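Try each task before reading its solution.

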Amino acid sequence: MTTVVVDPRLRARRIEVMRAEGRKRLRWVVVVLGLTGAGVITLVALRSPLFDVDRVRVTGAERTSTSAITAAADLDLDEPLVEVDLGAVEAAVEELPWVDEADVRRDWPGTIVVEVHERRPAAAGAGGDDLVLADGAGRVLATTARVPADLAVVELAARTEEVLPGGSLAPEERSALVLAARAPEALRLAPGVVRRDDGDLLWEVEGVGRFRFGTLADLDAKLVSAAAVLEQLGGVVDGELDLREPSAVVRRLDAPPLPAPIDEAEEVAS
């Protein structure tokens, strides 16, 4: 039998290494237990009444009431702030007619902040007893009895009574909304209406004449040409300007007479 003699210094070194590894493992255990305990305490605290939803603060809303926004958010004031589904609240608020985008965040210890970005009306749509305000994407924002001073009137195929705020107009009517929104103030403020005629966008202005735009293609060039020709004619077309080719505008004096304006436009003009 052979006896192995271990150098006392090597043995002492091994013992020191083992003790160091043990201390290192102990420190990790203490850290993990500490973090776990802190996490549990934090979760318990966040779900305590100290961090419940106490109020809802709304910013950025001009056309939409705070009560409508808080009702759409449907928040329980006893709900822990940490459990509020921010994405669900944003989606619910964005269903409101005027709301384009909602940003929802937590403001500790107990406030939900709803920042609202609202839509802008592009035109007033006519086609029934009332007018509707719609944005350029065709979203119906509200009903109104009068046309706001800075908006043009667009004739709708559908009855306005059939379109509720928050709904959308038909896709074929959206190009007229875009035209109405981008046209110069001189056209928007004049009593008249944007119609569709044989597939063309046709703007009829009382006391001025017709402007046949065709489609939205080259719209900026068409608007520039319309303004230049109208200035040359002293502000009165007395017929129709065919702007479908903006570099070669045609004036037609034999155009049929303008139809009677819609009742709503007459009411506003009076």
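A residue counts as buried when its relative accessible area is under 20%, as exposed when that area is over 50%, and as partly exposed in between. Keep in mind that this is a predicted model.

**Exercise 1.** Find Glu 204 and decide: is it buried or exposed? Then look for its side-chain partners.

*Solution.* Start with the location: Glu 204 sits in strand S9, which covers residues 200–205. Next, take its relative accessibility, which is 6%. The cut-off for buried is under 20%, so Glu 204 counts as buried at 6%. Finally, look at the polar contacts of its side chain. One of them, at 2.4 Å, is with the side chain of Arg 195; another, at 3.2 Å, goes to the side chain of Arg 210.

**Exercise 2.** Which helix holds Ser 175, and which residues does it touch beyond its neighbours within four places in sequence?

*Solution.* Ser 175 belongs to helix H4, residues 174–182. Its relative accessible area is 18%, so Ser 175 is buried. Setting aside the neighbours within four places in sequence, Ser 175 is in contact with Arg 196, Leu 201 and Leu 216. With Arg 196 there is also a polar contact of 2.8 Å between the side chains.

**Exercise 3.** Describe the largest pocket: how much space lies in it, and what kinds of residues line it?

*Solution.* The largest pocket holds about 360 Å³ of space. It is lined by 16 residues, and those closest to its centre are Arg 63, Arg 119, Arg 120, Pro 121 and Asp 150. Sorting the lining by type gives 7 nonpolar, 2 polar and 7 charged residues.

**Exercise 4.** Now step back and summarise the whole chain.

*Solution.* Begin with secondary structure: the protein chain has 7 helices and 12 strands. Then turn to burial, where 37% of the 270 residues are buried. For the surface, the accessible area is about 15,700 Å², with 55% belonging to carbon and sulfur atoms.

Note on methods. Residues are numbered from 1 along each chain as its sequence is written. This is a predicted model: local features need pLDDT of at least 70, side-chain atom pairs count only at pLDDT 80 or more; totals for chains, interfaces and linings use all residues. Side-chain values use heavy atoms; hydrogens and water are left out. Helices (H or I, at least four residues) and strands (E, at least two) are DSSP runs, numbered from the N terminus. Buried means under 20% relative accessible area, exposed over 50%, partly exposed in between (1.4 Å probe, protein chains only). A polar contact is a pair of N or O atoms within 3.5 Å; within protein, one must be able to donate a hydrogen and the other to accept it, and residues adjacent in sequence count only if both atoms are side-chain atoms. On a 1 Å grid over the protein atoms alone, a cavity is a set of points where a 1.4 Å probe fits but cannot get out, and a pocket is an open set with protein on both sides within 12 Å along at least five of seven lines; lining residues have an atom within 4 Å of a point. Grid points are joined across faces, edges and corners, and a volume is the space filled by probe spheres set on the points. Ala, Val, Leu, Ile, Met, Phe, Trp, Tyr, Cys and Pro count as nonpolar, Asp, Glu, Lys and Arg as charged, and the others, Gly among them, as polar. Accessible areas come from the Shrake-Rupley method with a 1.4 Å probe; for residues, only the protein chains shown count as cover. Contact means heavy atoms within 4.5 Å.
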